[in-house]
Amino acid sequence: MIRSRTAQMLLYAGLTLAALLVLYPVVYSLFMAVMSPAEASAYPPSIVPHSFHPENFREVFNMIPVATFIGNTFLVSAIVMAGQLVTASLAAYAFAQMNFKGKPLIFSLFVATMMVPWEVTMIPNYLTVRGLDWLDTYQGLTVPFLATAFGTFLLRQFFLQLPKELFEAARIDGCGHIRYFLFHMLPLSRPALGTLAVYSFLNMYNSYLWPLLITNSKPMRTVQIGISMLEFQESTSWNLVFAGITLAILPSLLLLVFGLKQLVRGMAAGALKG
Amino acid sequence: MAVRARRSSKRSSLQLRENVLAYTLLSPSLILFGVFLFYPLLKSVYLSLHSTDPAGRIAAYVGFDNYTALFASGQFLDGIRVTALFALLTVPTGMLLALVLAALTQHRLRGKRLFQFAFSLPMVLSVGSAAVIWKFLFHPTLGMLNYMLGLAGLPPVAWLVNPDSALLSVSLMTVWMNLGFNYIILSSGLQGISEEIYESARMDGAGAITVFRKITLPLLSPTLFFVLVVSIIGAFQAFGQINILTSGGPMNSTNVFVYSIYREAFVNFRFGTGSAQALMLFLVIMILTLIQFKWVEKKVHYQ
């Protein structure tokens, strides 16, 4: 497209300004994280830090168990991610490749689950988890989220796109459903599986309300809850709060750097065809 | 005869095996949905018709008292009003902003990946961290927002403390937080529109704005529709930012639906009324979704 030079300049100026505004809250936390306590609570606030105190990060580790929080969150997210990949791919295979009694009914049951907002089941689920004595446990944090209707759909759509001839050829070679699923379909579906993996990991890593409800003890807290509790501690100085936030958002930032493409592609597939 | 019978019995045993295998594959999902979705849904209905003690045990059957109390106290209508206002403040702005940015970064552009990274960034921040960051940006005296206003010669704003501006402030943060998701979805929708259509329009001498209005918008309408549905449902499910920024205050001005359910069930330990409220939320979201599919989708152009 041929644009005039000024229009081009204006476009860049506008986009840069927008990008700066969007990035600012994150950059602000990085700046605050390395300020001295005095500078962090000074007025007028510094737009860029005039002091550099990387030892804030060490101090935050001494103050709250950030490493435990992050470790917990990683573990919980990884369990849910793995669980969702297994349950969703099994169910998606059944829907995409098999004929069985009651398929339309069960399929519409899956569709219906996507309509139910999670908050509606929150109270009974809390009571169930408490009844099982799962408060403050990894089971309590993960088991309710191991199955996903959205993920099943995403994978089913992908499975359906694979050529039918492939299955017929495998069939003639004497390949049963299980072998076909494990050794043909799954390897071919790596892009879709990757998308679901990133999506479910991020979702769990960032979840807030459920961990808030069912964890009480420090060693079981996830990082989202741990961070928001930081600011309620009276004596805490802001630079340390922000050092904690920086540590908490670092893993997701890395994930964005490496997984953006995968995420965009997969979310588009889910959004447009799901 | 015998051959056919044997063949059909072989086929039916094959069909039986296929059935068994299919249900085995579905069973993990079905069992989990049963325990953590279908059963709780029924239990919600049951709880909403009862009063409970603080431990969550059933105290008495109360019929529809929980519902009438909800309407009589105005709690339900207030919750709806605040949530609807919140949706009105966040959804159109969020979509418009994301659409403009996605359209501007659609074409070949130097540093395109950097812009894409910046605009998708808020998506990966959890509501927990993002809300704490914004809480400090909103700080009345030390916060950066008021400092900037001061530099521009404007009076400071009591962002989260004033009932008139609290919901607006929470919405501002929410628009920022949702930008990443909306931007990603809309840009990938734009990518799906083939370059040839644009080319032929340009050959016909159409200007950029005409192209956007006559080609981009109609072809993007399924994606816009998807973002609209997801954003509205998301607005009705907002919780984290409310809990951290305002705790529903000041004077209930930010007491959105889910926050009010949370307060009823897990702060006041009234699981019965909490469940009644949760079911009303379900109803509202269902109606909204149906309306959107019925009316809005008619205007959506599918390729």
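## Salt bridges, cores and a surface patch

B:E195 is partly exposed, with a relative accessible area of 43%. Here, buried means under 20% relative accessible area, exposed means over 50%, and partly exposed is in between (1.4 Å probe, protein chains only). This is a predicted model, where local features need pLDDT of at least 70 and side-chain atom pairs count only at pLDDT 80 or more, while totals for chains, interfaces and linings use all residues. Residues are numbered from 1 along each chain as its sequence is written, chains are lettered from A and ligands numbered from 1 in the order in which they are written, and side-chain values use heavy atoms, leaving out hydrogens and water.

Back to B:E195: its side chain meets that of B:R202 in a salt bridge. The term stands for a side-chain nitrogen of Lys or Arg within 4 Å of a carboxyl oxygen of Asp or Glu. Over all chains, the count comes to 4 salt bridges, including these:

| Pair | N to O distance |
|---|---|
| B:R57 and B:D53 | 3.2 Å |
| B:E195 and B:R202 | 3.9 Å |
| B:R202 and B:E199 | 3.9 Å |

B:R202 and B:E199 sit 3 residues apart in helix 8 (residues 195–203) of chain B, so about one helical turn separates them. Shared partners link B:E195, B:E199 and B:R202 into one salt-bridge network. B:R202 is partly exposed at 31%, and so is B:E199 at 42%. B:R57, on the other hand, is exposed, with 57% relative accessible area.

Now for the inside. A nonpolar core is a set of buried Ala, Val, Leu, Ile, Met, Phe, Trp, Tyr and Cys residues joined through side-chain atoms within 4.5 Å. The largest one has 139 residues, and A:L213, B:F119 and B:F266 have the most contacts inside it. Its largest share, 12 residues, comes from helix 14 (residues 238–273) of chain A. Skipping neighbours within four places in sequence, B:F119 is in contact (heavy atoms within 4.5 Å) with residues including A:L15, A:V22, B:L101 and B:Y183.

Out on the surface, B:L283, B:I287, B:I291, B:W295 and B:V296 form a nonpolar patch with about 470 Å² of accessible area together. B:I291 belongs to helix 12 (residues 271–296) of chain B and counts as partly exposed at 35%.

Finally, chain A. An unreviewed UniProt entry lists residues 105–126 and 138–159 among its transmembrane regions. Residues 105–126 are 73% helix and 0% strand, with end C-alpha atoms 29 Å apart. Residues 138–159 are 73% helix and 0% strand, and their end C-alpha atoms lie 32 Å apart. Helices (H or I, at least four residues) and strands (E, at least two) are DSSP runs, numbered from the N terminus.

Terms used: UniProt positions are given in the numbering used here, feature names are shortened, and annotations may be inferred rather than shown by experiment. Patches are made of residues with over 30% relative accessible area and no salt bridge: like charges are joined within 9 Å, nonpolar side chains (Val, Leu, Ile, Met, Phe, Trp, Tyr) within 5 Å. Accessible areas come from the Shrake-Rupley method with a 1.4 Å probe; for residues, only the protein chains shown count as cover.
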